[in-house]
Amino acid sequence: MLQQTQVKTVIPYFKKFTKEFKTLKSLSKCSEKRILKMWEGLGYYRRARNLLMTSKLLIKNYNSKLPKTQHEIKKLPGVGDYTANALLAFVYNYPTIAIDGNVKRVFSRLFNKNENKINFYQLIEKNKKKLFNTNRNSDFVEALMEFGALVCKPKEPKCDFCNLNSICKYFKSTNKIESQKQKVTKNKNYDIFCYVNKKKQIALTKKNDVGFLSEFILPEIKESNKKKVTNWKFLTNYKNTISNKKLNINLYYKFSNKIPEKFKWFSIDNKKEIIPSFTKKIFNQVSLLF
Ligand code: SF4
């Protein structure tokens, strides 16, 4: 849930899920439709599907236990290096670190060295004995992430209060390296085309050519080519953010009873289907036509 999502947003969902699914088994028996409904509003629905698939796989192939090796954990849907390391530390107290942006920044400041010049895996491997000397590896991983988020922050780190300032090269140096600047994402222009009918319905499809929207049911959408759009009526322009991408959207519509193959009509007032928030925004704009 926490991938790309803030803690404060996740908390109510986490509570709801752990209340509803007390065991791995009860989770594995949930229907996809239900889990998607419970996930509604969190976005990135692939995570919900992966969670469900993982629960089934663990029961079927792993005797309801999380595998104990990186190699096996990474076979689970949606689990890469970062999640695998975090799980091994949190669940089994293994001496391993999930390397995220916070952790990278802490180490790079300790050595006052550019992140790109540090091989983090090698660094951790070399210093294993020193890093994992308390047998509280799970707490250590968590603490390191929190330390990066709350003390050794991207801007204005709290060096004066930091327990590490006596060994920190960044703190002592007069020539401080600056942490990696976040890439500035520019707004991208997209054109969205909606078939609408008089019954307040929009034609949607699961097929589209836009990679980051592969799981969403959407009207036709494509990157603007700056040519003048003909045959469609312009409805509105608005901004939306999805998967860290900032989109500048031009919404076009056409009243029609005929829709292309693989499209289906969906009511704008639809309460039953799980409609991603990105699509709901389109619904809201189109409802202004009625
Ligand atoms: S002294 Fe400052 S820069 Fe160094 S680890 Fe602490 S907070 Fe980060």
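1. Domain layout. The protein chain splits into domain 1 (7-92), domain 2 (101-172) and domain 3 (186-289). The model is predicted. Between the C-alpha centres of domain 2 and domain 3 there are 44 Å.

2. Helix 3 against helix 4. Helix 3 covers residues 32-39 and helix 4 covers residues 46-61; they pack at about 135 degrees, and their axes are 9 Å apart. Helix 3 is therefore oblique to helix 4. The crossing of helix 3 past helix 4 is right-handed.

3. Residues between helix 3 and helix 4. Helix 3 brings Glu32, Ile35, Leu36 and Trp39 to this contact, and helix 4 answers with Ala48, Arg49 and Leu52. By class, the contact of helix 3 with helix 4 holds 5 nonpolar and 2 charged residues, with no polar ones.

4. Helix 6 against helix 10. Helix 6 (residues 81-92) packs on helix 10 (residues 137-150) at an angle of about 135 degrees, and the two axes are 7 Å apart. That angle is why helix 6 counts as oblique to helix 10. Helix 6 passes helix 10 with a left-handed crossing.

5. Residues between helix 6 and helix 10. On the helix 6 side, the contact uses Ala86, Ala89 and Phe90. On the helix 10 side, Asn137, Ser138 and Val141 meet them. The class count for helix 6 with helix 10 is 4 nonpolar and 2 polar residues, with no charged ones.

6. Helix 7 against helix 10. Helix 10 also has a contact with helix 7: their axes come within 8 Å and cross at roughly 75 degrees. Helix 7 is therefore roughly perpendicular to helix 10. From helix 7, the contact takes Asn102, Val103, Arg105 and Val106. From helix 10, it takes Leu144, Met145, Phe147, Gly148 and Ala149. By class, the contact of helix 7 with helix 10 has 6 nonpolar, 2 polar and 1 charged residues.

7. Ligand surroundings. How many residues surround the ligand? There are 14, and the closest are Cys152, Pro157, Cys159, Cys162 and Cys168. By class, this shell has 11 nonpolar, 1 polar and 2 charged residues.

8. Helices in the ligand shell. Helix 7 (101-110) and helix 11 (169-172) each give at least two residues to the shell around the ligand. Which helix supplies the largest share of the shell? Helix 7 does, with 3 residues.

9. Points to check by eye. For helix 6 on helix 10, look at Phe90 in helix 6 and Val141 in helix 10, which are among the contact residues. For helix 3 on helix 4, find Trp39 in helix 3 and Leu52 in helix 4, also among the contact residues.

Key:
Residues are numbered from 1 along each chain as its sequence is written. This is a predicted model: local features need pLDDT of at least 70, side-chain atom pairs count only at pLDDT 80 or more; totals for chains, interfaces and linings use all residues. Axes are lines fitted to C-alpha atoms, for helices over the stretch in contact, and angles run from 0 to 180 degrees between N-to-C directions. Helices (H or I, at least four residues) and strands (E, at least two) are DSSP runs, numbered from the N terminus. Angles under 35 degrees count as roughly parallel, over 145 as roughly antiparallel, 65 to 115 as roughly perpendicular and the rest as oblique. A crossing is left-handed if the near helix is turned anticlockwise from the far one by less than a right angle, and right-handed if clockwise. Two residues are in contact if their C-beta atoms, placed from the backbone, lie within 7 Å. Ala, Val, Leu, Ile, Met, Phe, Trp, Tyr, Cys and Pro count as nonpolar, Asp, Glu, Lys and Arg as charged, and the others, Gly among them, as polar. A residue is near a molecule or strand if its C-beta atom, placed from the backbone, lies within 6 Å of it. Domain bounds come from an automatic or database domain assignment.
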